[in-house]
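User: I would like to learn how to read a two-chain model. Please take the chains one at a time and then the contact between them.

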Amino acid sequence: MEPMFTGSYHVAKADYSSAGRASADIKRQLKQIGVGGDVLRRVAVASYEVELNLVIHSLGGELTLNVYPDLVQLISSDVGPGIPDLTMAMKEGYSTANEEARSLGFGAGMGLPNMKRNADDFDIKSTVGVGTTITMGFHLT
Amino acid sequence: MEERPYHSVHLAKDLCKGCTNCLKHCPTEAIRVRGGRAHILDAFCIDCGECIRVCENHAKVAVTDPISMIKEFKYAIALPAPSLYGQFRGLLNPEYVIEALRCVGFADVYEVARGADVVTRAIREKLKQPDLPRPLISSACPAVVRLIQIRFPDLLDNVVDIRQPMEVAATIAKAEFVKKNNCDPKDVGCFFITPCPAKMTVIRRPLGQKKSGVDGAISILEMYGLLLPYVERMMNDPSYSPATKYGVAWSTSDGEANAVCPGNSLSVDGINNVIRVLEEVENYKLTDLAYFEGNACLGGCVGGPLTFENNYVAKNTIRQMVNQMPEVHPDKDVPTSILNKYPTKNDVDILPGDAIKLDDNMAEAMKKMNRMNEIIERLPGYDCGSCGSPTCRSFAEDIVRGYCTEMDCIHIMRDKLKIMAQQMVELAQSERS
């Protein structure tokens, strides 16, 4: 089934000055469509975390929003180093963020766990040396 | 026909030049310029008064009640906002202002700062409850509450469900006056001396209450000149329970936060700053915070568009005044009997506004959103305001809502005219041959 609404954002590597712009735009559009309350806030948190991950860890990627009648879907797809140990990456407090990221206050190691906690459906696939794709679903009642 | 929701901010049509000043400064994009003059969109206007501040032609005004209205009641009680005290440079004692109000025709005066003391206690009682939303958001600034209704409706559950100091003051003032003077409540009118239009609006269109206990609002600007000669005289203490320094400090930003939750609160002033921080609250970025105080005006209420004195000077006046008032906290000074006797909680819920949605039907809204994004691609992106909408994005939204067409964009029209001119030349040439 085709999504009724779709939007795509390119996120560049290490672009800290623009970090958060895509997720702010996603939140604005969802409000105007009529997605509100708890779902809106959870999508806002998850999209911010995944956008930041693209900035901090990847070599650049695409953040896609798909809206279906009963589901809001967020897909993050990047080119990058990939995640060697997925289990460790999903642990709270574990971070592979570099010097620059930490100096700006990022790299607390809460990104992926936050995403998983806020999404109703969470799937992550990664290949070392190639890239990572994260698919999150948020159910609309 | 459905009645238009009341707003105190109005346009004086004859003075409006149809420029783009207010259009570009409205924090909720509630203004459009069509037919050579500004129009305020009722559903988006929060009565913050930014347009009043920026209009160079004095065409934007707040319609408040005239002082002559007090004559409609046998007894008129003045409810001065504490920001009124900050209007008189060098004033160290609020009692002079209180006595001056009696001199200009009010039968009695009840300090809204005292209402703020009662509300401080009520909020502090609430903060003792477990499982409160983080942060709890102050309901004191009606412009900020309306902003939340329209733009951050998911944060309405965080807004504390306690009445504004003005309302609590009106309830207590009226009850105590009636009891003391043994008169008919219908003969008593309460008048708030206001620094801003938002508080005028909330009297006619209450937030969280079925009906306001206040009968009218007179602007500080109108009262200042009348009070000044009297303030300059020494007067006796009236016999009433005076406000503490904490209640008086509610007139400046962080006064409320300092009274209610000094350990873990944040005060933000200026409507655009409030918007930015509420975005962060919405993103769950401030969940360690217990209390949030948002003020539409810089400096807090002393910076209201209907005040006389410069907001920094007024804030300083309040600070000097507060520094030499006795150290008494509402926790000790407001007896529990007052909390039990007079209502301090809302009696209706504050509901979200849905003007921001493109359509009530989500599928339709998505279709409109798609059309909107498509149109934006074709627009020049100058945000010039010539079409009468504040930005190219809001112009695309207006097209999709059916309020205007693409040709209202002068840049698109100019490009089309160039093509048409070229076509006319070609037509003329082909006819000749």
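User: What are the helix and strand counts of chain A?

Analyst: Helices (H or I, at least four residues) and strands (E, at least two) are DSSP runs, numbered from the N terminus. Chain A has 5 helices and 5 strands. Their order from the N terminus is β-α-α-β-β-α-α-α-β-β. This is a predicted model, where local features need pLDDT of at least 70 and side-chain atom pairs count only at pLDDT 80 or more, while totals for chains, interfaces and linings use all residues. Residues are numbered from 1 along each chain as its sequence is written, and chains are lettered from A and ligands numbered from 1 in the order in which they are written.

User: Why is chain A called as compact as a globular protein of its length?

Analyst: The radius of gyration is taken over C-alpha atoms, and the globule rule is 2.2 Å times the number of residues to the power 0.38. For 141 residues the globule rule gives 14 Å, and the radius of gyration of chain A is close to that at 14 Å, so chain A is as compact as a globular protein of that length. Along the principal axes, its C-alpha atoms fill a box of roughly 40 × 30 × 25 Å.

User: What share of chain A is buried?

Analyst: A residue is buried if 20 or more other C-beta atoms, placed from the backbone, lie within 10 Å of its own. In chain A, 35% of the 141 residues count as buried. For chain B, the buried share is 47% of 433 residues.

User: How is chain B divided into domains?

Analyst: Domain bounds come from an automatic or database domain assignment. For chain B the assignment gives domain 1 (1–63), domain 2 (67–341) and domain 3 (360–433). Between domain 2 and domain 3 of chain B, the C-alpha centres are 47 Å apart. The C-alpha trace of chain B spans about 100 × 50 × 40 Å along its principal axes, and its secondary structure comes to 17 helices and 11 strands.

User: How many residues does each chain bring to the contact?

Analyst: Two residues are in contact if their C-beta atoms, placed from the backbone, lie within 7 Å. Chain A brings 16 residues and chain B brings 14 residues. On the side of chain A that touches chain B, α1 (21–33) and α2 (37–57) each supply at least two residues. The most comes from α2(A), with 6 residues.

How values were computed. Buried ≥ 20, exposed ≤ 12 C-beta atoms within 10 Å, placed from the backbone.
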